[in-house]
Amino acid sequence: MSTFKTCVRIMAAHRLYILIYLVLLSTFGLFTGMARSEDYSSQVTTATANVAVIDRDDSTISRGVKDYVESVGKVQPLEDSRQAIQDATAQNRISYILIIPAGYGKQLQQTAHEGDEPPRMDTVIGYESASGALMNVRTDSYAGQVADYLSTLTDDPARAVALAKETMNRSAPAERIAPDSTSLSHSFLVYARFSLYPLMTFAIVTISTLMTALGRRAIRSRLDSAPVSGGARNLGLLGACLVVGIVGWLWVLGLGVAVFEAGTVTTSAPLLGVVAAALGAYMLVAISIGFLMGQLGLSQNAANAVANIGGLAMSFLAGAWVPIEWLPDAVARAARLTPGYWADQAISGAYDATSMSASIIRPLLVDSGICALFAVAILSVAMAVGRTRARSSL
């Protein structure tokens, strides 16, 4: 136990690392989770957009298109000039601008009779919201309805416009279906993903600093002279490293549950257990990396660089900052070779889970297990490096 006690004293002397890399960074994650909260209500609302229609055709069909767009959007005044259109788009004042070209009505009638695709209208869609793109889909749907009625029921543009308006105005009531279980909050998901970074940096820096201190001549001589076998010393060191990991894991998990999931602990316990397993497996990876850094004899500055740069890179590949689906295919494939990817798969799977059945929970625990296998592999490399250095020092 002398080795373990010595390690604990060394970690206590470097408690500033705990304050900076664990407490402070996890607090940032807490604020990030609070800022990224989402309110899910049982009601379904329809997205609307600021719209403007410039009708250069002034036909029955173009007037019908204009009336429909203005009926489903918030109409904004807009002058028919290039400068006005550019200003409205650059200032993000109007999300959807529809420009109906001259001759559009006649072209639509002709293509409808010939069975061809309807002519296209010019559109300018805002860059900060998807509501403009959704409005464009609705406009194309309306124009398609007019073309269908002209090709099948009537040759009268006014009647086709009226029928299309009646069809588009019909709607079915929508209701959000609640999942079978109490799901985790989005704030907790954001916090858990962000926590991958402080877990990694805290463990690497603290453990590598501990092992660097143990490698100093005075402490090493004192430990070597103690009546303790080499196996016992290694077990004491490993126990101290696990204590570091457990402290970080309990702090991060407890802080997130206390702030975001305090009221749903009993109802969503299996899902919280998956998140705990994922964070615990990732912490084991961080412990093994820190142990490897110590075995390699890296300096304190080098360990800090590896912890911060490596922690950020691994969190990025895990999907903590940007969803994996948004990354290039080559980067997404490479992310599967990192432990953070599998930890994030378990965390996001727990958030998306619609029930707490074994068929849902088991694959998420498998993802956590894959993450833990990375820790076993890295720890094996660290042990091999330690034995090699021990032989070379003899």
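This is a predicted model: local features need pLDDT of at least 70, side-chain atom pairs count only at pLDDT 80 or more; totals for chains, interfaces and linings use all residues.
Residues are numbered from 1 along each chain as its sequence is written, and side-chain values use heavy atoms, with hydrogens and water left out.

The protein contains 16 helices and four strands; helices (H or I, at least four residues) and strands (E, at least two) are DSSP runs, numbered from the N terminus. Of its 394 residues, 43% count as buried. Here buried means under 20% relative accessible area, exposed means over 50%, and partly exposed lies in between, with a 1.4 Å probe and protein chains only. Among contacts between residues at least 6 apart in sequence, 79% join residues at least 24 apart, a contact being heavy atoms within 4.5 Å.

The sheet comes next. Strands of a sheet pair through backbone hydrogen bonds, either parallel or antiparallel. Two strands are taken to pair if DSSP finds at least two bridges between them. In this model, four strands form an open sheet with mixed pairing, in the order β2-β1-β3-β4. Its edge strands are β2 (74-75) and β4, each of which pairs on one side only.

Strand β3 (residues 96-100) is largely enclosed by the rest of the structure, because five of its five residues are buried. Both of its faces are covered: Y96, L98 and I100 are buried on one side, and I97 and I99 are buried on the other. Strand β1 (residues 50-55) pairs with β3 in the parallel sense over five bridges. Within this pairing, L98 is the bridge partner of V53, and D55 stands opposite I100. Strand β4 (residues 122-125) runs antiparallel to β3 and is joined to it by four bridges; there, Y96 stands opposite I125.

Helices also lie against the sheet. Helix α3 lies across β1, β2 and β3 and runs at about 170° to β1. In the loop between β1 and α3 lies D58. The phi of D58 is near 55°, a positive value in a residue other than glycine. D58 counts as exposed, because its relative accessibility is 53%.

Helix α6 (residues 131-152) has 22 residues, which at 1.5 Å a residue should span 32 Å; its end C-alpha atoms are 32 Å apart, which agrees. The expected span of a helix is 1.5 Å times one less than its number of residues. Buried residues of α6 include M135, Y142, V146 and L150. Among the elements that cover the buried residues of α6 are β1, β3 and β4, together with the helices α3 (60-72), α5 (104-114) and α7 (157-169).

Helix α12 (residues 269-296) can be read in the same way. Its 28 residues should span 40 Å at 1.5 Å a residue, and its end C-alpha atoms are 40 Å apart, which agrees. Because 22 of these 28 residues are buried, α12 is largely enclosed by the rest of the structure. After α12 comes G297, whose phi is positive, near 75°.

Two packed helices are described by the angle between their axes and the distance between the axes. The axes are lines fitted to C-alpha atoms, for helices over the stretch in contact, and the angles run from 0 to 180 degrees between N-to-C directions. Angles under 35 degrees count as roughly parallel, over 145 as roughly antiparallel, 65 to 115 as roughly perpendicular and the rest as oblique.

Helix α15 (residues 339-352) packs against α12 at an angle of about 170°, with their axes 8 Å apart. The two helices are therefore roughly antiparallel to each other. Residues of α12 that include L271, V275, L279 and Y282 meet residues of α15 that include P339, A343, I347 and A350. The residues of this contact divide into 12 nonpolar, one polar and no charged. For this division, Ala, Val, Leu, Ile, Met, Phe, Trp, Tyr, Cys and Pro count as nonpolar, Asp, Glu, Lys and Arg as charged, and the others, Gly among them, as polar.

Helix α8 (residues 186-194) also packs against α15, at an angle of about 175° and with axes 10 Å apart. α8 and α15 are therefore roughly antiparallel to each other. Here H186, L189, A192 and R193 in α8 meet D344, I347, S348 and Y351 in α15. The residues of this contact divide into four nonpolar, two polar and two charged. S348, located in α15, counts as buried because its relative accessibility is 11%. Leaving out residues up to four places away in sequence, S348 touches L189 and R193.
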